[in-house]
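Visitor: Hi, I'm new to this one. Can you walk me through it?
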Amino acid sequence: MKKNLFFMLLFILTIVAANAQNSTSIYDYKLTDINGKTFDMSELKGKKVLLVNTATQCGYHPQFSEMEKLYENYKNKDFVVVAIPSNDFGNKEPGSNEEIKNYVEKNYSVTFPVMAKTSVTGDNESPLYEWLTKKDLNGVMDTKVAWNYQKYMIDENGKLVGVIEAKESPASDKVVEWLEK
């Protein structure tokens with residue numbers, strides 16, 4: 001009897017420990033911003049977040065203008081865009097963090113948070129993107145980052161709620177309807 005109880009307790013503790021390793025929201029992650037400072041995602045609690053992997057040399061780079069306009073229109077309604085530059089697709093983000101910062105400020109007057117250049121796929125994938133793309137971690141869906149400017153919608157509780165393809169505007173009906181809910 002004691003042996004069975006011991007194994008049952010060990011089994012329960014194993015499950016609890018395994019679940020504790022799975023992050024349940026973006027609030028469990030910290031990134032480095034474009035200025036080299038720690039950006040704690042828990043600072044975004046209570047806000048809807050549009051996470052976008054960006055690349056200044058990609059043909060979709062005019063989406064920065066759309067992201068800025070969307071941010072300006074909804075930032076007072078607990079919404080934020082977070083840009084995460086990445087050079088994972090087609091060598092479209094070869095610049096340094098300083099070059100990226102200067103480019104987005106000069107060309108698009110970006111005021112939303114921009115992170116340091118980060119890998120969003122492959123062997124060096126950031127832990128945040130691992131969470132975004134794996135259902136066993138995010139609890140919602142498996143996805144694959146297919147190209148620059150793929151957008152992840154995160155609700156006010158830090159939960160993944162949807163993905164928008166790279167070619168689709170950040171101000172698409174799908175995003176605006178989500179923000180208006």
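Predicted model: local features only at pLDDT ≥ 70, side-chain atom pairs only at ≥ 80, totals over all residues.

Visitor: How many helices and strands does the chain have?
Guide: Six helices and six strands. Helices are DSSP runs of H or I with at least four residues, strands are runs of E with at least two, and numbering starts at the N terminus. The pattern along the sequence is α-β-β-β-α-β-α-α-α-β-β-α.

Visitor: What share of the residues is buried?
Guide: 45% of the 181 residues. Buried means under 20% relative accessible area, exposed over 50%, and partly exposed in between, with a 1.4 Å probe and protein chains only.

Visitor: New topic. How many aromatic pairs are there?
Guide: Nine. Rings of Phe, Tyr and Trp (its six-membered ring) pair if their centres lie within 6.5 Å; planes under 30 degrees apart are stacked, over 60 edge-to-face, and the rest tilted. One of the pairs is Phe-64 with Tyr-108, which is stacked, at 5.6 Å centre to centre and 25 degrees between the planes.

Visitor: Where do Phe-64 and Tyr-108 sit?
Guide: Phe-64 is in helix 2 (residues 63–74) and Tyr-108 is in helix 3 (residues 97–108), 44 residues apart. Phe-64 is buried, with a relative accessible area of 1%. Tyr-108 is buried too, at 16%.

Visitor: And how are Phe-89 and Trp-147 arranged?
Guide: Tilted, with 5.7 Å centre to centre and 45 degrees between the planes. They link distant parts of the chain, 58 residues apart. Phe-89 is buried at 10%, while Trp-147 is partly exposed at 32%.

Visitor: Which residues form one aromatic cluster?
Guide: Phe-64, Tyr-103, Tyr-108 and Tyr-149.

Visitor: Now helix 6. Which of its residues are buried?
Guide: Val-175, Trp-178 and Leu-179, within residues 173–180. They fall within an arc of 95 degrees seen down the axis, so they line one face of the helix. That arc is taken from the directions from the helix axis to the C-beta atoms.

Visitor: What is on the other side of helix 6?
Guide: Asp-173 and Glu-177, which are exposed.

Visitor: What do the buried residues of helix 6 pack against?
Guide: Strand 3 (48–54), helix 2, strand 4, strand 5 and strand 6 (160–164). Contact here means heavy atoms within 4.5 Å.

How values were computed
Residues numbered from 1 in each chain as written. Heavy atoms only, no water.
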